[in-house]
Amino acid sequence: MIKGFIPVLSLIVILSACTSERPGKDYPIRAVPFNNVVVQDDFWAERINTNHRVSIPVSLHQSTITGRIKNFEIAGGLAGGDFQSDAPFDDSDVFKIIEGASYSLNMFPDPELEAFIDSLIWKIGQAQEDNGYLYTWRTIHGDDSHPWIGSSRWERTHVMSHELYNMGHMYEAAVAHYRLTGKRDFLDIAIKNADLILEEIGPGKFETYPGHQGIEIGLVKLYLVTGNRDYLEQARYFLDARGHDHIGEPPFWHGEPRIYDQAHKPVTEQTEAVGHSVRALYMYAGMADVATQTGDQEYIDAIGRLWEDVTYTKLYITGGIGSQRGHEGFGPAFELPNMSAYCETCAGIANVFWNHRLFLLHGDAKYIDVMERSLYNNVLSGVALTGDRFFYPNPLESHGQHQRSEWFGCACCPSNVTRFIPSVPGYIYAQDDDNLYVNLFVSSETEFDIGNDKVGIKQISTLPWQGDIRLELNTETPVELSLHVRIPGWAQDEVVPGDLYSFETPSGSTPSINVNGESVPIETQKGYVVINREWENGDIVEMELPVDIRYITARPEVEANENRLAIQRGPLVYTAEWPDFDDHSVLDLVVDKDMVMEVVEKDDNTLGKLVVLRGMAQGSRHLEGGGTELFDKELTVIPYYAWAHRGQGQMAVWLPVNIDAARPQPLPSIALSSTISASHNSATLSIINNQIVPESSNDPAFSNYNWWPRTAQTEYIIYEFERPETVNTAQVFWFDDGPSGGCRLPADWTILYRSEGEWIPVDNITPYEITKDRMNEVRFEAVETDALRLEVRLQDEYSAGLYEWAVK
């Protein structure tokens, strides 16, 4: 057995090392387990190593200093005090980190980390109540101590308590820890809790469902390791309970159907991906797991329909999902704004989970195409190359207001990264009896059992930078088998399945495969070239995939990308970022669909080894007296995952092809040269003086600065001028995110100027306008001052915000 580790998903499809047989069924195709794959490249191996050296220790440190770990100590009577961190779902972060550490320890023996994890599991056991209940907030503070948790356990789990969500992550972690160490302590904690849920929740008991899905996946894993089919049936119950008015409260959310958590319809009747994207995709993955064990074709049909909806109408070019920040989830079909794109890191990881399961069900490479796109772009963007900073959303455009953070109050993404990165080798290969699948092109070694024979494969791949792949087969005796080698969609003139995106021009080259020097026709079956033959020791498969520079356009319905193109090479989407331009300006770019770009290999001190692309484009700028002009400008683009490592500034994935779609560089102005401060300092302050005005007060294509969730108080923004100026006009474009959001037009606003250190209201000549969808102007008696202050009084029940504040 090749030294490795067992993945998140492979725990569903791998025999336990502790039993000769295990209950349940495999997926029709089985992922090759992590402990049979050794990654040997300098791309993924470095990230897996960094996750062990940096991301896991950082996440454990943050869980310590934020009180997440101490919550278990307090709940277990080992320490005194109140709940230490922010939210009742914080327990789940600790569980995910334990899961990731369990995988990582299998590859990197680390006695100190192992001892820490063992002590942490002991603390979790101490926090568990005698009946099996485990939820530190309620144990510490009691019933009705938080708006989310209700007056008794499970009462609000279908809304926001996250009791079942937390346990889903605990079950996954406990199964991983048991599989990899043979220690039962964490597994016994999980079983004790699951048995309580079986006893108290279900038909004829307390009927409810998880408001945040995830426990369904964990229960199936618990079933597969214990053989207790009741866990599988409980997972199925939690899925089937959705969409029924008699369960819990009616499926409504603030008067709207409960689309936020996909409880608006029974799961088998759902045809459109709606609501919170992580909740949705955890549910879809859980449906695949349950369907595999039960043979429920209605589940399979439903997730097939939902996959088409996501892939054909709601998928970002980076493989991200979730266009709306307010509910962290899906918007209408083709609503894919760039600046305000959510594309949560957790959603990208969930997209990998779901698409890999669909491949294991159907054996179609189209699911791997989507999985790979999300993996190399959206997911990798979510963690810094250094492993110690993280993105929650992953936008496709920035004015400079975005940067990775060390941690978050809601830290689901960093903890999810720690468990996902070491699982990547489990997505490379798969097997169905004598059918072997090569899905990802990563230098690695593995071996398969074919009857009584063992077949080893050593893959040498130059992707993602070049397209040369070599597979070396090793077997003691000749073996007949079918080798399925994936031909990625991007190598066949298909950006993603469907027609949401298209390559602007056909590729100049085609894939090629040869076996022992003899050419193999590129004839695909479900996206694979299938090579069926008797294989002998030392047989060589050589493959060349075109990694041409390709320009991509979106369907016309995607208004955010009208008259724009994106750039891709191999599996990587590229982006323009400010440090690569002398003027540090990106949003002013205009590119030509026929531009010629060159490939430049770099070994950057910050970004590491990578390929950048260079060519000539044009910049745009406003002119004095009106109008705009174009000027020549060198263009450099870097892989999307590598952005935001060199400081804050402009970034764009989709580049304009004409000046109408560009955002020309602004003219010099008082506001542009001012130093900005505010009552609530935020990175988005940088966008309010850039002379870019949206089309409406709720334009998702533009970022805004707002004071949410503050209400019923006065807030302010200050412009401090470079020198004293005479001013007599101020204009504000207000942000108002409508009935579903928390910001409205303000109650009123006032301009004050600074004189001898005092703030004095201006004498306005015209009324202070408060109107949506346009600039609101006030004119006042001219004053000479070195600073202006915009004071905004918020409505009693709503906050406020703005896109632009201009001064004349």
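Tutor: We begin with two strands: β13 (residues 512-515) and β17 (residues 540-544) pair in the antiparallel sense over four bridges. Strands here are DSSP runs of E with at least two residues, helices are runs of H or I with at least four, and both are numbered from the N terminus. Two strands pair if DSSP finds at least two bridges between them. Within this pair, V515 stands opposite V541 in β17. In general, strands of a sheet pair through backbone hydrogen bonds, either parallel or antiparallel.

The model is a predicted one, in which local features need pLDDT of at least 70 and side-chain atom pairs count only at pLDDT 80 or more, while totals for chains, interfaces and linings use all residues. Residues are numbered from 1 along each chain as its sequence is written, and side-chain values use heavy atoms, with hydrogens and water left out.

Both strands belong to an open sheet of seven strands, in the order β2-β8-β9-β10-β17-β13-β14, with antiparallel pairing. At its edges are β2 (37-39) and β14 (518-520), each of which pairs on one side only. From one strand to the next, the twist averages 20°, where axes are lines fitted to C-alpha atoms, for helices over the stretch in contact, and angles run from 0 to 180 degrees between N-to-C directions.

We turn now to the aromatic rings. The whole structure holds 32 aromatic pairs; rings of Phe, Tyr and Trp (its six-membered ring) pair if their centres lie within 6.5 Å, and planes under 30 degrees apart count as stacked, over 60 as edge-to-face and the rest as tilted. One of the pairs is F89 with W148, which is stacked, at 5.9 Å centre to centre and 25° between the planes. This pair links distant parts of the chain, 59 residues apart: F89 lies in the loop between α3 (68-75) and α4 (91-107), and W148 in the loop between α6 (136-141) and α7 (163-181). F89 is buried, with a relative accessible area of 14%, whereas W148 is partly exposed, at 26%. Buried means under 20% relative accessible area, exposed over 50%, and partly exposed in between (1.4 Å probe, protein chains only). Elsewhere, ring pairs link F43, W44, Y376, W465 and Y641 into a cluster.

Rings also meet charges. R550 lies over the face of F503, at 3.9 Å from the ring centre, and R744 lies over the face of Y798, at 4.1 Å. A charge sits over a ring if NZ of Lys or CZ of Arg is within 6 Å of the ring centre and within 35 degrees of the ring normal.
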